[in-house]
Amino acid sequence: MLTTTVHRHWYAVYVRHNTEFRVESWLREQGIEIYLPVQDVYREHAGKRIKVTKPVISGMLFVCLSRPELTIVEHAPNVHHFFSKRGTNAPICLLYTSDA
């Protein structure tokens with residue numbers, strides 16, 4: 001019996017301003033594991049205090065992918081690019097996970 005190990009890595013992805021929640025929703029629909037750190041912030045509007053959920057890191061979210069899934073994220077709506085080393089197009093792996 002042949003078992004295949006899928007190597008998955010965490011990557012940081014830059015997205016267009018104010019589209020973090022839309023991109024997160026779209027990628028989840030595609031079956032991509034995603035992490036978007038958020039915080040609740042209180043704003044005052046028209047004399048009322050309103051609770052707003054905002055991304056902790058504006059314009060960035062984190063995805064756990066195998067190699068074949070990279071293209072799904074690259075071509076997702078409102079995704080700008082992967083976080084990468086200066087002068088290269090190769091995405092930087094932030095953390096390694098292995099699914100057996």
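1. A salt bridge is taken here as a side-chain nitrogen of Lys or Arg within 4 Å of a carboxyl oxygen of Asp or Glu. E24 and R28 meet this rule through their side chains, at 3.0 Å from N to O. Both residues belong to helix α1, where they are four residues apart, about one turn of the helix. Helices (H or I, at least four residues) and strands (E, at least two) are DSSP runs, numbered from the N terminus.

2. The model is a predicted one, in which local features need pLDDT of at least 70 and side-chain atom pairs count only at pLDDT 80 or more, while totals for chains, interfaces and linings use all residues. Residues are numbered from 1 along each chain as its sequence is written, and side-chain values use heavy atoms, with hydrogens and water left out.

3. Overall architecture. The chain contains two helices and seven strands. Read from the N terminus, the order of its elements is β-α-β-β-β-β-α-β-β. Contact means heavy atoms within 4.5 Å. Of the contacts between residues at least 6 apart in sequence, 69% join residues at least 24 apart.

4. Accessible areas come from the Shrake-Rupley method with a 1.4 Å probe, and for residues only the protein chains shown count as cover. The chain has an accessible surface of about 7100 Å², and carbon and sulfur atoms account for 53% of this area. Buried means under 20% relative accessible area, exposed over 50%, and partly exposed in between (1.4 Å probe, protein chains only).

5. A nonpolar core is a set of buried Ala, Val, Leu, Ile, Met, Phe, Trp, Tyr and Cys residues joined through side-chain atoms within 4.5 Å. The largest such core has 16 residues, and those with the most contacts inside it are V13, L27, L61, V63, L65, V73 and F82. At least two core residues come from each of β1 (6-15), α1 (20-29), β5 (60-65), α2 (70-74) and β6 (79-82). Another core, of five residues, lies apart from it and includes W10, A12, M60 and F62. In soluble globular proteins, nonpolar side chains tend to be buried together.

6. With neighbours within four places in sequence left aside, V73 is in contact with V13, L27, I32, L65, V79 and F82.

7. E24 revisited. R28, by contrast, is partly exposed at 45% relative accessibility. Not counting residues up to four places away in sequence, E24 touches I34, L36 and L61.

8. R8 is buried at 11% relative accessibility, whereas E33 is partly exposed at 39%. R8, E33 and E69 are linked in a network of salt bridges.

9. The β3-β4 hairpin. Two strands pair if DSSP finds at least two bridges between them. Strands β3 (residues 38-45) and β4 (residues 48-55) are paired in the antiparallel sense over eight bridges. They form a hairpin with two residues between them, and A46 in the turn has a positive phi of about 55°. Y42 stands opposite K51 of β4. K51 also forms a salt bridge with D40, the closest N and O atoms being 3.7 Å apart. K51 is in β4 and D40 in β3, so the pair ties together parts that are eleven residues apart in sequence. D40 is partly exposed, with a relative accessible area of 43%.

10. Two loop positions. S66 is located in the loop between β5 and α2, and counts as buried because its relative accessibility is 10%. Leaving out residues up to four places away in sequence, S66 touches V6, H7 and R8. Q30 is in the loop between α1 and β2 (33-35) and is partly exposed, with a relative accessible area of 40%. The C-alpha atoms of Q30 and I72 are separated by 8.2 Å, although these residues are 42 residues apart along the chain.
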